[in-house]
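Dear colleague,

Please find the structure below, handed over for your review. My notes follow it.

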Amino acid sequence: MLIPDSVAALYWFEQAARRGHAAASYEVGKILLSDDAEVHDPALGMQWLEYAAQIGNDCAAYRLGKEYLKGEIVPKDTTKAIDYFTRSAAAGNQYAQYALGKLYLEEHDQEQARYWFSQSASQVNRYAQFFLDRWDSLQPPSVILATTRLLHHMSRVFQDQTPSPPVSGGIRVDRKLMARIREKKIAAGHKPDDHEEH
């Protein structure tokens, strides 16, 4: 098992990125925007994302759209966010398509909102499908937007609160392997419920 090493990962992704590899450029940007203190450099991370988006990485364009919409790393700029989301969505990124659908719905442009939700739903985005299934009842749209935000946050709360399964002795054994071990013990004369100390 590999131990995560952001510094090494950054080095190798940067080697590929400097050779014009768009996906590697996006990874460099992501690593620099991470919370890892050893590599955290938001300004440089945004530059790498800009470069990756310019050379056609739709994930980088989507991430830039999110950053401009949040306004935490860079000043909030909805126009830039829409521009980046549109670039990413045009390349087929379902998350950017969904984000555009929400933005256009908030701006009361139902035609554009429905178009982008449809594009996203065609790639099996369940949140986009949720809007389309309730399209006739989107009066006012802010209510349904608030509902989806609430559902999204609730799912994250439950995900964050789920405890990790306990690991006894630091080793996990696959169920099939456990069944084979149990069969061998029974074949060797142990009872099925015999928990012999090793």
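The notes below cover an aromatic group and a helix contact.

This is a predicted model, in which local features need pLDDT of at least 70 and side-chain atom pairs count only at pLDDT 80 or more, while totals for chains, interfaces and linings use all residues. Residues are numbered from 1 along each chain as its sequence is written, and side-chain values use heavy atoms, with hydrogens and water left out.

Tyr-98, Phe-117, Tyr-127, Phe-130, Phe-131 and Trp-135 form one aromatic cluster (rings of Phe, Tyr and Trp, the latter by its six-membered ring, pair if their centres lie within 6.5 Å; planes under 30 degrees apart count as stacked, over 60 as edge-to-face and the rest as tilted). The rings of Phe-117 and Phe-131 are stacked, because their centres are 4.4 Å apart and their planes at 10°. This pair joins helix H7 to helix H8 (residues 126-133) across 14 residues; helices are DSSP runs of H or I with at least four residues, numbered from the N terminus. Phe-117 and Trp-135 make an edge-to-face pair, with 6.4 Å between centres and 75° between planes. Phe-117 is buried at 0% relative accessibility, and Trp-135 is buried at 9% (buried means under 20% relative accessible area, with a 1.4 Å probe and protein chains only).

Ser-120, in helix H7 (residues 110-121), is likewise buried, with a relative accessible area of 0%. Leaving aside neighbours within four places in sequence, Ser-120 is in contact with Gln-94, Gln-97, Tyr-98, Asn-125 and Ala-128 (contact means heavy atoms within 4.5 Å).

Kind regards

Key
Helices (H or I, at least four residues) and strands (E, at least two) are DSSP runs, numbered from the N terminus. Buried means under 20% relative accessible area, exposed over 50%, partly exposed in between (1.4 Å probe, protein chains only).
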